[in-house]
There are 2 protein chains.
Amino acid sequence: MTYPTVGVVGAGQLARMMAAPAIALGVRLRVLARDPTDSAAQVIPDTVIGKHTDLDTLRAFAAGCDVLTFDHEHVPTEHLRTLLAEGVTLHPGPAALEHAQDKLLMRARLTQAGIPVPRWRAVADAAELAAFGAQVGWPVVLKTPRGGYDGKGVLVVHNLDDARDWLSHHETLLAEERVDFHRELAALVARSPHGQAVAYPVVQTVQVDGVCNEVIAPAQMSDAHAVSAAEVALAIAAELGVVGVLAVEMFDTADGVLVNELAMRPHNCGHWSIEAAITSQFENHLRAVLNLPLGDPRMLAPHAVMANVFGGDHPDMYRAYLHVMARDPGLHVHMYGKTVRPGRKLGHVTVLGADVDALRERAGHAAGYLRGTIGE
Amino acid sequence: MTYPTVGVVGAGQLARMMAAPAIALGVRLRVLARDPTDSAAQVIPDTVIGKHTDLDTLRAFAAGCDVLTFDHEHVPTEHLRTLLAEGVTLHPGPAALEHAQDKLLMRARLTQAGIPVPRWRAVADAAELAAFGAQVGWPVVLKTPRGGYDGKGVLVVHNLDDARDWLSHHETLLAEERVDFHRELAALVARSPHGQAVAYPVVQTVQVDGVCNEVIAPAQMSDAHAVSAAEVALAIAAELGVVGVLAVEMFDTADGVLVNELAMRPHNCGHWSIEAAITSQFENHLRAVLNLPLGDPRMLAPHAVMANVFGGDHPDMYRAYLHVMARDPGLHVHMYGKTVRPGRKLGHVTVLGADVDALRERAGHAAGYLRGTIGE
C-alpha cells in the first residue's frame, strides 16, 4: 500500500471533518489529541494522546506520518521550526503559519505586501495607545497578538482607562482602528506546495458577540467585488507560501475590503462546502498538503447557508433530530461529539437552495431548535 | 450523551461508507469484521473481530448497540431469528432479510404479491428443468438460492447437459427464463420502521460479465416509466417490511420492468448519491434503521455517473491520483482500502453534470486509468 498518512495536530471538529474525505481517498489520518474524548479522537482509529506543546511528543507523532498538518494554531512556532529542520514535512510550514499565530507579525507582513488592512500599530504602553487613539480616533480595538479566537483576546477600548488592565498584563498589544464596516466577508482558498490554488466563492459571515453564527454562500455582491476579495486571499496565500486551506476574514467597507484575521486550516466559514461545493474545504486541505491536484471549489446550488449550533440548557440534542429532520428533509446536520455546555459550538447545519431568505430561515430554525431556544 | 450506537455486521466498503454520515450525525458505529484489515475496520475505531456466522459472537456484538444492521446478507437467518427473540433490534429484520438471502423465497413472495418477475420455478432434478425449459424456452438461467453475488451463483444453461454438474451439487436450484431485456435498471428506496419511505431516482446499471461497471443516474426514461419502476421498489419494501435501504435490480423490457435481484442495504447502484443526492443512501440507511425522519433523495445535478474501479496489474493506485485529479477537478474518488487483485472491486469514481456522454467518458477514463488499462 502506498497510500500516505496525514498527521493532524489537534483533534477538534476540523480534524473530525477531515475523516470523511480521508476515508474516500484511502488516505490514513492520524490525530494528536489531548484527550480520548476529543471530537476527532472519537472517530479516527489512529489517535495518539499527547500535548501539542511538547517537542518530543510532536517528534514521536510525526514519525510514520508523510506530512503534518493542523487542527489549530497553538503549536509553538519554535517546535515547528525544529521539526522542519529535522526533516518533517509540515503544511503549512512555520514561515507561513506564524502569521496565523501572531497578529502583529501578520499585520506587519500584510502591510509590507500592500494588502489592505485596518490602520494598526503595536502598543507597549499608555502613551503609545494614546498617540494611536489620537491618530485614528476612539474607540480603538486592542488584540492580544497570540491565542485569541472566537471573540477572545479582543477588547474595544474607548479611552486609556478601559485599556489599563490589558496594558499592565501584556508586554505588547496590537491596536487597530475600529473599522466602519457594513458586513463581514470571508475568502477561502486552498494552495498546494507547487503553487496551484483554488478560491471558493466569497461568503458573508454573520457574527454575534464576536462569534460566527451564520455563513451565507456566496455573499451577495458584484462579481468584480467578489473577485477582488478572492484575489486578496490568493495574494496572501502566495505571499506567505501557505500550503493547505487559508481562510481570510475581512471587513467589507465603502472603500473595499480590509483583512481582519487569517486561519491556515479548514475554517468555520467553509463548512458549507461539505455539501454545497463540488470539492469540500476538508478534501482540498488534504489534497493540498499531500501535493495532489486540487478539486473544483464551485458550488452545486445557487446558495447555501450554514448556521452554527451552540449549546443550550438541555443536554440531549439527538432527540431534537426528530423535529428538525422531519421539518426539513434537505437539512444537513453535523454534530461534533462534544459535551453540551451553554454557548459552546457543538455542531452546524447546512441547507442548499435558490432563495437566501428561505435558507436562512431553515438553517436558523434548525440551529435554534437543536439548541433549545425554539420550540420544545 | 444520548447518541445511539449502530452495529454493522460486516466491515466491507458499505460499512466503510456509512462512516461519513455517522460522523456527521454524531451516531456511533460499531462494526463486526472478520479481520482488522477489512475495509471498514481500517477507519472505524469501534471494530470487533469475529465471525458473523457464530451466534455467541453476534450476541456479544449486539450488546451495547441500539440497533444492528448489515453490510452483507450472509448472517444465518436462524441466528437473526434468535437475536430478535432475545430482544435485539435488527433492521432489516429476518422476516424481510430472508428474501434477500434466499432467491427462491424471494421469487415466491414477489409472485404472490403480484410484483412482476421473470418466469421461474424451483428445480430439483433434470426432469423438472427439462419441463421448465420446454415451457419458457432455452437457454434457462440457473441460480443458487443462497450465496450468489456479482455474477457468482448464476449459470446460463442451453440444455440439460450444461446443468448436470449444478443439479448434482445442489438440492434445489432456481430456474428462470432468460429475459430479453434491453438494459438493466435499479430502483433504490429507504424505508423507516413506521413506514416512511423515500425513492431515489431510478438508475441504469451497466454490467460487464455479470458485474456492475457503471451507473447512470437518473436512467434516461419517461417519467411514467421511472415512476412505475420506483413504485415496484416501494411496493416490495412495504410488502416485505424492509427497514433501511432496499435496492431492486430490474430488467427493462418491452413490456415493462421485471425484478431481478434484491439487496437490503446500501448498494453499488446508489454510490452516486454520496455526492449527487441531497441525502446519500448511506445517511438514509442510518436514519431509517435509527427511526429518524428520512432525508431528501433528490439529485443536486441533472446527471451523475459512477464507475467502479477494479484491480489491474499494478498495485499502486495512489500514484494514478495525480493524473486523474489533474485531468478532472470535479472527479470524486472513493477507494476502499483493499489490496489490489486483478478484477477485484477496489473503489469507485463519481462525476456530476449535465451531459451524460461527457460524464461517462470522464468516469470511464478515471476508472480505467486507476486500474491501469488506460495510459502509462
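Colleague: In which loop does A:Asp209 lie?
Modeller: Helices and strands here are DSSP runs numbered from the N terminus, helices being H or I of at least four residues and strands E of at least two. By that assignment, A:Asp209 falls in the loop of chain A between strand S11 (203-208) and S12.

Colleague: Is A:Asp209 buried or exposed, and at what relative accessibility?
Modeller: This is a predicted model, in which local features need pLDDT of at least 70, side-chain atom pairs count only at pLDDT 80 or more, and totals for chains, interfaces and linings use all residues; side-chain values use heavy atoms, with hydrogens and water left out. Residues are numbered from 1 along each chain as its sequence is written, while chains are lettered from A and ligands numbered from 1 in the order in which they are written. Buried means under 20% relative accessible area, exposed over 50% and partly exposed in between, with a 1.4 Å probe and protein chains only. A:Asp209 therefore counts as exposed, at 76%.

Colleague: What is the phi of A:Asn291?
Modeller: Most residues other than glycine have a negative phi. A:Asp209, which is not a glycine, has a positive phi of about 55°. A:Asn291, in the loop between helix H10 (281-289) and strand S15 (303-310) of chain A, is partly exposed at 34% relative accessibility. A:Asn291 also has a positive phi, near 60°.

Colleague: Which peptide bond is cis in chain B?
Modeller: Most peptide bonds are trans. In chain A, a cis bond with omega of about -15° joins A:Ala217 and A:Pro218, and A:Pro218 is found in the loop between strand S12 (211-217) and H8. In chain B, with omega near -15°, the cis bond runs from B:Ala217 to B:Pro218.

Colleague: What is the order of the strands in the open sheet of four strands?
Modeller: Strands of a sheet pair through backbone hydrogen bonds, either parallel or antiparallel. Two strands pair if DSSP finds at least two bridges between them. The pairing in this sheet is antiparallel, and the order in chain A is S5-S8-S6-S7.

Colleague: Which are the edge strands of chain A in this sheet?
Modeller: An edge strand of this sheet pairs on one side only.

Colleague: Which residue is the bridge partner of A:Val140 in S8(A)?
Modeller: Strand S6 (residues 140-143) and strand S8 (residues 173-177) of chain A are antiparallel and share four bridges. Within S8(A), A:Val140 is partnered by A:Glu177.

Colleague: What angle does the direction of helix H7 of chain A make with that of S7(A)?
Modeller: Helix H7 (residues 160-169) packs on the sheet and touches S5, S6, S7 and S8 of chain A, contact meaning heavy atoms within 4.5 Å. Axes are lines fitted to C-alpha atoms, for helices over the stretch in contact, and angles run from 0 to 180 degrees between N-to-C directions. The angle between H7 and S7(A) is about 145°.

Colleague: Within what arc do the buried residues of H5(A) fall?
Modeller: In helix H5 (residues 103-112) of chain A, the buried residues are A:Lys103, A:Leu104, A:Met106, A:Arg107 and A:Leu110. The arc is that of the directions from the helix axis to the C-beta atoms. These residues line one face of the helix, because seen down its axis they fall within 160°.

Colleague: Which backbone nitrogen does the side chain of B:Glu177 reach?
Modeller: B:Glu177 lies in strand S8 (residues 173-177) of chain B and is buried, with a relative accessible area of 15%. A polar contact is a pair of N or O atoms within 3.5 Å; within protein, one must be able to donate a hydrogen and the other to accept it, and residues adjacent in sequence count only if both atoms are side-chain atoms. At 2.7 Å, the side chain of B:Glu177 reaches the backbone nitrogen of B:Arg119.

Colleague: At what distance does the side chain of A:Asp71 reach the backbone nitrogen of A:Gly12?
Modeller: A:Asp71 is placed in the loop between strand S4 (67-70) and helix H3 (77-85) of chain A, and is buried with a relative accessible area of 10%. Its side chain reaches the backbone nitrogen of A:Gly12 at 3.3 Å.

Colleague: By what turn can chain B be laid on chain A?
Modeller: Copies are superposed by least squares on the C-alpha atoms of residues with pLDDT of at least 70 in both. The RMSD is 0.0 Å, the shift along the axis is 0.0 Å, and the turn is 180°.
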